[in-house]
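User: I have a structure open and a few quick questions about it. Can we go through them one at a time?
Analyst: Go ahead.

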Amino acid sequence: MKDRILNEMTLRFPSLAENERFARLAVSGFVSSLDPALDELSEIKTAVSEGVTNCIVHAYRDTVGIITMQVRILEGQRIYIRIKDTGCGISDIAAARTPLWTSAPDEERAGLGFAIMESFTDRLSVRSRPGGGTTVTMLRTLRTRKAANEDRNKKV
Amino acid sequence: MGVKLFYDPGSRTVLAELSGDIDHFTSKSLREPIDAEILARIPLRLILDLTGVSFMDSSGIGLIIGRYKLMNDLGGSITAVCPSPETAKLLELGGINRICRIVATARDASFIGGMKI
Ligand SMILES: Nc1ncnc2c1ncn2[C@@H]1O[C@H](COP(=O)(O)OP(=O)(O)O)[C@@H](O)[C@H]1O
Ligand SMILES: [Mg+2]
C-alpha cells in the first residue's frame, strides 16, 4: 500500500455474535476523528457488520475462532478495513459474491452481505481458500460532516 | 431494545414495534416473539414499526423476508413504517419494496383501531 498511513488499529476477538455490535462501534469510534458524515459512517458500520457476521455465521460455523480486524486511516480521508478469519474458507468466491446467493437460506440469511459491502465501499476484495480462511478488505473515502453540510446547502 | 407487540382485533392487525440494533445477534430474539404472536392471532396484516431501529444490516432484511413468507402463507400482508434514511436505503438495496409496502412516515400510515402507527 503506497498511501501514507495516518493511524492504525488491530483488534482480535472471538467469533461470538455479541461482538458484531462491538466491532461496528469500535470502527465507528476509531474513524470518528475524521468527523465523517453520519450517513457514510452508518454505511461503514453496516459493511463491518456484514464482514464480521460472515466470520461468525459461516467461517466458524459450530465453533468459535479468532477474528482479526485491522483499520487504517489513510491520507485523503480514506479508510482501509481488513477482516480476517482462519475458518472454513470459500470454494467459489464469484458465486458467494453474487447477490442473493447464500449457503444458509434456512437461517434467514438474505445472501446480501457481499452486495452490501460492495455498494457501501469504493473497493471490496475477497481472498479465500477452502480450509484456509477468508480475508475481506474494503476501502472507502469518507466525506467530512462539514463537506456534506456544504453540499446540502448548495443544493437548497 | 427489542420488540413490543400489539394486536387490533377489528382490523386483525399485529403491530410490532422494533427498537435498537437489528443484526444477526439480535434478530433471533426479535423473530421468536413476532412469530408466536402471528401464530396466536393469524392476522391479516403485520406492521413493522421501524421508528426505534438504530441500526440494521442484512440480518434485518432476512428478518423481514422471513416474516413476509409467514404472513404470505397465512394469506396476509406486511407493511414496514418509518425507516430511518439509512434503514430505507438498506431496504431498497434488499428489494424489500417488492414484497412489503414501505410507508415513510407515521403521517402517511393509516390508523388502526386507535393504535399508534
Ligand atoms: N468469512 C467467510 N467464511 C466462509 N464462507 C463465507 C464467508 N463469508 C461469506 N461466505 C460464504 O459466502 C456466502 C455469501 O455471503 P453473504 O453475501 O454475506 O450472504 P449470507 O451471509 O447472507 O449468506 C455465504 O452464504 C457463505 O457461504
Ligand atoms: Mg453475510
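User: Leaving aside its neighbours within four places in sequence, what is A:Glu40 in contact with?
Analyst: This is a predicted model. In it, A:Glu40 is in contact with A:Arg140, A:Thr141, A:Leu142 and A:Arg143, once its neighbours within four places in sequence are left aside.

User: Which helix does A:Glu40 lie in?
Analyst: Helix α2 of chain A, residues 38-59.

User: And does A:Glu40 count as buried or exposed, and why?
Analyst: Buried, because its relative accessibility is 8% and the cut-off for buried is under 20%.

User: Changing topic to ligand 1. Which residues come nearest?
Analyst: There are 18 residues around ligand 1, and the nearest are A:Asn54, A:His58, A:Thr102, A:Ser103 and A:Gly111.

User: Which helix gives the most to that shell?
Analyst: α2(A), with 3 residues. Helix α4 (113-119) of chain A also supplies at least two.

User: What about polar atoms?
Analyst: A nitrogen atom of ligand 1 is 2.9 Å from a side-chain N or O atom of A:Asp85. On the backbone side, an oxygen atom of ligand 1 is 2.8 Å from a polar atom of A:Gly111, and an oxygen atom of the ligand is 3.1 Å from one of A:Gly113.

User: How much of ligand 1 does the protein cover?
Analyst: 95% of the 540 Å² of accessible area that ligand 1 has on its own. The space ligand 1 takes is the largest pocket.

User: Now chain B. How many helices and strands?
Analyst: Chain B has 3 helices and 5 strands, in the order β-β-α-β-α-β-α-β along the sequence. Of its 117 residues, 50% count as buried.

Note on methods
Residues numbered from 1 in each chain as written. Chains lettered and ligands numbered in written order. Predicted model: local features only at pLDDT ≥ 70, side-chain atom pairs only at ≥ 80, totals over all residues. Heavy atoms only, no water. Helix = DSSP H or I, 4+ residues; strand = E, 2+ residues; numbered from the N terminus. Buried < 20%, exposed > 50% of the residue type's maximum accessible area, 1.4 Å probe, protein only. Contact = heavy atoms within 4.5 Å. Near = heavy atom within 4 Å. Polar contact = N/O pair within 3.5 Å; in protein donor to acceptor, adjacent residues only side chain to side chain. Areas by Shrake-Rupley, 256 points an atom, 1.4 Å probe, with all protein chains shown as cover. 1 Å grid on protein atoms, 1.4 Å probe; cavity = no way out; pocket = protein on both sides within 12 Å on 5 of 7 lines; lining within 4 Å. Sits in = over half its atoms within 2 Å of the grid points.
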